[in-house]
Amino acid sequence: MTQATGAPVRRQGPPGLGTLKALSRPGRRAWSLPELDVPAAEVPAEHARARPPALPEVAERDLVTHFTRLSQLNYGVDTGVYPLGSCSMKYNPKVAEAVAALPGFARVHPLQPERTAQGTLELLWRLERALCEITGMARATLQPPAGACGELTGLLIMRRHHTELGDPRTKVVIPDAAHGTNPASVRMAGYEALHVPSDARGALDVSALEKLVDENVAGLMLTNPNTLGLFEEDIQEIASIVHGVGGLVYYDGANLNAILGRCRPGDMGFDIVHINTHKTFATPHGGGGPGAGPVGVTEELVPYLPVPIVERDEAAGTFHLDSDRPRSIGRMHGFHGNIGVLVRAYAYVFLHGRDGLTEVAERAVLNANYLAHRVEGAFPLAYPDGRPMHEFVSTAALLRERTGLRAMDVAKRVIDLGFHPSTVYFPLVVEEAMMVEPTETETKETLDAFAEALLQASDEAASDPDLLHEAPLTTPVRRLDEARAARHLKLRW
Amino acid sequence: MRYAPHTDEDVGAMLEAIGLASLDDLFAQIPEAVRLNRPLDLPEGVSEPEIVQDLADLAGRNRGADDLVCFVGGGAYDHYVPAVVWALAGRSEFYTSYTPYQPELSQGVLQALFEYQSMVCDLTALDVSNASLYDGATALAEAVALARSTPGRGRVLVSAGVDPRHVETLRTYGRGAGYEPERFELRDGRGGRPEVGDDVACVVVQHPNVYGNLEPVRALFGAAHDGGAATIQLFDPVSLGVLAPPGELGADIAVAEGQALGQHLNFGGPYLGVIATRLDFVRRLPGRIVGETVDVDGRVGYVLTLQAREQHIRREKATSNICTNQTLMAIAAAVYLAWLGPEGIVELGRRCAAKAAYAAERLTRIPGVELRFPDAPFFKEFALRLPRPAGDVCDALVDRGFLAGVPMRADDRTLLVAVTERRTREQIDRFALALQEVLA
């Protein structure tokens with residue numbers, strides 16, 4: 001590796017790792033299985049595999065070192081603040097991991113007799129009721145395995161509702177600042193996406209919505225607070241416009257963390273709500289899953305919920321799975337959803353209880369507002385007239401104008417200063433967007449340190465721009481050539 | 001218990017900094033009419049020991065596979081999960097991270113996913129895999145969406161040997177996408193004859209099928225290809241040490257419920273959806289894909305690639321809406337596959353096949369019990385015809401310490417019995433005695 005004279009000195013990170021395949025040696029093994037205690041039986045020759053798959057051959061010791069070192073190349077919430085906007089990367093309580101691993105939960109088969117799974121069924125029944133109370137909905141399905149699947153579930157419920165009324169509709173309205181999953185889900189549900197712009201406040205443009213909606217509109221999808229971190233204050237009017245043409249209003253629960261115990265989607269006029277348990281209820285994000293995306297609905301829409309749902313036999317006090325629901329949209333998952341994730345969500349909800357959940361929202365909003373205030377001199381809010389909720393969207397547009405450096409350069413410099421950066425370049429409607437969600441579990445000291453890092457990066461953009469251009473220098477690899485990855489596909493060893 | 005770390009002093013100082021008098025002021029923009037203005041109707045919060053007790057009580061009301069000897073399969077199986085799998089996948093640097101949007105801080109997850117993709121390709125004899133989907137059923141729905149990309153070819157032919165829960169999920173997804181899966185019947189528990197006209201997008205076959213039977217996949221897929229349709233195989237990932245891989249059977253797309261790859265039973269999830277396909281489908285493959293590249297210093301590293309397929313870039317034109325997938329499960333699957341290695345996966349497959357064959361032989365010695373499809377070969381799971389309704393038999397066997405199997409929907413006297421490498425001869429013999437007693 002060569003470095004141009006005068007460039008910042010690279011602090012060498014841990015060396016990169018070869019792949020497991022490179023560690024493979026013929027005859028090495030980690031597996032351990034009991035000797036066969038019955039007569040051998042081969043599969044018929046016409047079905048047999050000719051030669052074994054070329055999996056790596058490694059000793060268990062190699063396997064452990066390899067994945068341990070890989071884990072050390074990775075930054076998680078346990079490493080430090082992880083302020084990705086719209087992702088609610090809060091601390092994941094260890095106790096939730098411990099209870100989900102109890103053999104009484106982990107070793108239960110989804111198709112074993114219901115009377116042998118009463119504990120899990122009761123847990124799901126209680127969690128459903130709690131989520132309905134939190135969101136103001138009548139019933140919920142816990143089956144969708146992630147938020148995007150929850151969106152599709154909700155939209156298929158919307159479709160079934162209109163179909164049963166003999167009025168299948170063709171379009172669903174989404175704000176221009178929506179998550180990409182919203183338009184993608186709209187398309188998968190067989191609808192066309194209609195886009196409604198944001199107004200000068202960063203709120204949904206109500207007059208544009210009024211002009212856009214007609215009897216072809218099946219509904220509207222909205223996050224509240226929206227993806228700019230601002231509360232949609234016109235929500236009742238918005239809901240009534242959509243209801244006025246016979247449409248339904250869908251709540252994307254990405255930002256539910258901001259309003260726990262303060263207000264509820266059901267009371268705002270929403271008909272369908274999805275929740276991301278991996279955001280609001282601290283189930284770990286797993287490097288990109290598993291999530292869980294429960295969907296709650298109003299009384300009118302309950303018949304359409306996916307099958308099965310958990311019901312309680314009041315007389316016997318027992319629980320069962322009800323699949324006999326002829327108006328249901330059907331299944332959204334091969335079994336019952338990401339149950340292990342729901343066990344963790346249950347632990348989180350009932351650990352906090354009513355006051356604890358309200359406090360979560362208060363502290364999340366407090367942290368976001370404090371951090372926004374600390375950095376606004378360098379990175380002003382994209383919509384300075386609104387008060388941010390649990391997250392805020394700043395812009396590096398001024399910095400770019402002044403120095404030519406971009407939000408991504410700031411993010412990479414923040415990495416060298418010891419932090420995971422915020423989301424950048426989303427929402428798409430904000431130039432040089434930096435979307436920051438510190439969550440409620442960070443201390444004031446951490447927020448101060450993160451703010452100092454952002455301010456330092458801003459100062460350095462003027463005084464020593466190479467520090468930003470070259471960043472990151474401290475990581476196992478530096479900026480990676482994404483264009484090359486897409487052009488010269490290497491997707492396996 | 002609460003995890004927000006603020007002292008009263010912190011709250012006061014932070015409010016003062018932002019110029020507010022109270023926490024309520026942070027929520028002033030919420031219109032009065034939509035405020036809750038009452039406490040949530042939930043219990044008060046509890047301490048950590050109390051929640052542990054509550055959950056231990058609930059867990060104690062289940063009777064799982066440690067307590068009852070498990071012969072239940074139907075897509076999820078009581079395979080042994082090596083200690084190393086969750087000791088590694090359970091490292092919090094993995095499980096508390098998120099989708100690797102900042103690759104320089106995420107090389108661990110990215111490389112683990114690259115290795116997962118590589119091993120799925122090794123296993124299936126196909127060119128490319130993604131970084132996982134939700135589960136087998138939703139992976140099937142995504143595979144069908146991938147196969148339905150030729151205009152004029154929209155019909156979806158699904159073998160009656162495909163798991164009914166998978167078909168129900170497919171039907172749900174089809175309502176949005178505008179198709180209704182069409183079923184073609186089996187003959188003696190396998191095969192069948194799909195009518196592949198020029199409007200058919202794909203033919204879906206499960207092998208081993210819903211009865212555990214081995215399918216004549218080459219013939220079925222040959223017919224599909226002759227008719228110009230794409231082929232989708234549902235496979236059992238741990239069968240591929242002994243069974244010919246989808247890529248050699250003519251599958252264009254292979255999907256699987258990945259539970260068998262080191263995932264605990266967890267009452268149905270989290271598992272993972274496995275998908276692999278040919279290189280020419282890669283630009284329409286759904287979900288995250290990790291690719292190898294180099295950094296500015298020429299060092300090898302890994303990134304999410306071909307993102308122009310995905311919802312956060314392409315929005316309504318994306319190949320799928322999937323965002324969060326089952327990454328942690330894919331990392332666990334990678335550890336599990338490397339633990340097995342080429343020899344272990346063959347030995348595992350042989351043990352399952354031998355024990356299933358032994359169990360079938362032993363159980364069909366019971367008067368009135370016979371194989372539902374006596375001429376069909378099977379791998380680790382087989383269908384029995386019982387003289388009494390299978391649901392009642394399962395219920396009675398719980399009291400004797402067994403999870404007997406899955407009562408099939410096709411008729412009420414068919415029981416699907418799964419036998420993994422964990423079942424011992426002694427357990428199988430006791431199971432046979434118990435079944436005999438119950439049926440007597």
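Two residues are in contact here if their C-beta atoms, placed from the backbone, lie within 7 Å. This is a predicted model, in which local features need pLDDT of at least 70 and side-chain atom pairs count only at pLDDT 80 or more, while totals for chains, interfaces and linings use all residues. Residues are numbered from 1 along each chain as its sequence is written, and chains are lettered from A and ligands numbered from 1 in the order in which they are written.

**View 1. The contact between chain A and chain B takes 168 residues from chain A and 172 residues from chain B.** On the side of chain A that touches chain B, helix H12 (residues 339-375) gives the most, with 21 residues; helices (H or I, at least four residues) and strands (E, at least two) are DSSP runs, numbered from the N terminus. By class, this side of chain A has 88 nonpolar, 47 polar and 33 charged residues, where Ala, Val, Leu, Ile, Met, Phe, Trp, Tyr, Cys and Pro count as nonpolar, Asp, Glu, Lys and Arg as charged, and the others, Gly among them, as polar.

**View 2. Helix H2 (residues 60-72) of chain A packs with helix H5 (residues 107-124) of chain B.** Phe67(A), Leu70(A), Ser71(A) and Gln72(A) of H2(A) meet Gly108(B), Gln111(B) and Ala112(B) of H5(B), a contact with three nonpolar, four polar and no charged residues.

**View 3. S2(A), H7(A) and S3(A) make a right-handed β-α-β unit.** Right-handed says that, with the strands pointing away from the viewer, the path from the first strand over the helix to the second runs clockwise. Strands S2 (residues 171-175) and S3 (residues 192-196) of chain A pair in the parallel sense over five bridges, pairing being assigned if DSSP finds at least two bridges, and Val172(A) has Ala193(A) in S3(A) as its bridge partner.

**View 4. Helix H7 (residues 181-188) of chain A is mostly covered, with eight of its eight residues buried.** A residue is buried if 20 or more other C-beta atoms lie within 10 Å of its own, exposed if 12 or fewer, and partly exposed in between. Among the buried residues of H7(A) are Thr181(A), Pro183(A), Arg187(A) and Met188(A), and just after this helix Gly190(A) takes a positive phi of about 90°.

Definitions and conventions:
Axes are lines fitted to C-alpha atoms, for helices over the stretch in contact, and angles run from 0 to 180 degrees between N-to-C directions.
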